[in-house]
Each structure stands twice: as structure tokens, then as C-alpha cells.
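Take a walk through this fold, from its parts list to its overall dimensions. Keep the structure open as you read.

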Amino acid sequence: MKQMDPAALSDEYAVRRLGETDIPAVLALMQGNPQYYRYCGGNAVPTAQGIRRDMTITPPGTSIEDKYYVGFFQEGQLAAIMDLIDGYPEKEIAFVGFFMLEQTMQGRGAGTRLIDHLCGRLKGLGFQSVRLGMDKGNPQSTRFWKKNGFRVIREIPQKKGTILLAERELS
């Protein structure tokens, strides 16, 4: 795929790649979502070091140019974070490695609007589907993604639980 313009991923939010200076805001947003981390297994807690790693780590066969670790900003405040991989595991698939909405915005349709618009933009760029992994034991996450048109295509056993690989076709 061509390089995506992060600013085009939303009509409702200002979107840009996140960097080192954004780590405190990213950490605060993550710390405001403790429920997510309860389902990550063990004593998972967000850290600045972990965020730095997440900003640069890529799946096999991809490069940093394929990675869009972006923030969605509303009135200058970080409202959501997304790690989006262009063309993984196949060139016509976009992969959401991580998505988190600011806790006070949850349950009001903001996440659904963001994902719907994102999927429309990705379809316009030629993607055929969007994939992601969900923690099987996290009912809030599973409910959100299923409500947004993602269907489980495979279960992947892990040391700390099972990941549900899910996909939304962009037809």
C-alpha cells in the first residue's frame, strides 16, 4: 500500500503519529484503563519503557514504515491510541495491534464512530479487511469488537490466556 496519511484516518479527531514527547499523555490514557490490564495476565501495568517499545516493534515481515502508532486528539487532548500495521499479514489486510479509547469517552459511541470511519478510510485505500487480536477473557473488549463487525476466525493459545484473532471484511 501507499504510505497512509494519519490525518485522513478520522474526520472527528486530529490524528498524527505519536513520538517520545507524547509518552506521558499515552501513559496517562493507559493508566486510566485498568480493566484492560487486568485481562493481560500477570501484573501487567503500562510503563514509559513499554510504550517506547510498542512504538517501534513490528510484526514479522513488516518494517517501521508499515507501522502507524497514532494518537487521535480532540481539542488538543489525547482521546485514543491505535497501533495500525499496513499490509499485515497480507498486503490487503490492515492489522490493529492495539486500540484504546480514553476511559471517560467509553460507552458513548465514540469508539464505534472512530472504528467505522477508520474502516471506511482503509477500504478507500484498497484494504479488503482489518484484523486484530482480542484477549478471550476480556468481555468488554470482545463485546466492543464483535459489535463493530469483527468476527472470530481463530483462537490462538498463549501462555497467559487465549487470543481471539478477529476480522472485519471491508466490502
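The protein chain holds 5 helices and 7 strands. Along the sequence, the pattern reads β-α-α-α-β-β-β-α-β-α-β-β. This is a predicted model, where local features need pLDDT of at least 70, side-chain atom pairs count only at pLDDT 80 or more, and totals for chains, interfaces and linings use all residues. Residues are numbered from 1 along each chain as its sequence is written, and side-chain values use heavy atoms, leaving out hydrogens and water.

Start with the sheet. Its 7 strands run in the order β1-β2-β3-β4-β5-β7-β6, open and with mixed pairing. Pairing here takes at least two DSSP bridges between two strands. From one strand to the next, the twist averages 30°.

Now look inside the sheet. β3 (residues 77–86) and β4 (residues 93–101) pair in the antiparallel sense over 7 bridges. Ala80 stands opposite Leu101 in β4.

Which strands does helix α3 lie across? Helix α3 (residues 48–56) lies across β2 (67–74) and β3, and runs at about 120° to β2. Such angles run from 0 to 180 degrees between N-to-C directions, with axes fitted to C-alpha atoms, for helices over the stretch in contact. Contact means heavy atoms within 4.5 Å.

Finally, step back. Of the 171 residues, 44% count as buried, meaning under 20% relative accessible area with a 1.4 Å probe, protein chains only. The C-alpha atoms fill a box of roughly 40 × 40 × 35 Å along the principal axes.

Methods. Helix = DSSP H or I, 4+ residues; strand = E, 2+ residues; numbered from the N terminus. Buried < 20%, exposed > 50% of the residue type's maximum accessible area, 1.4 Å probe, protein only.
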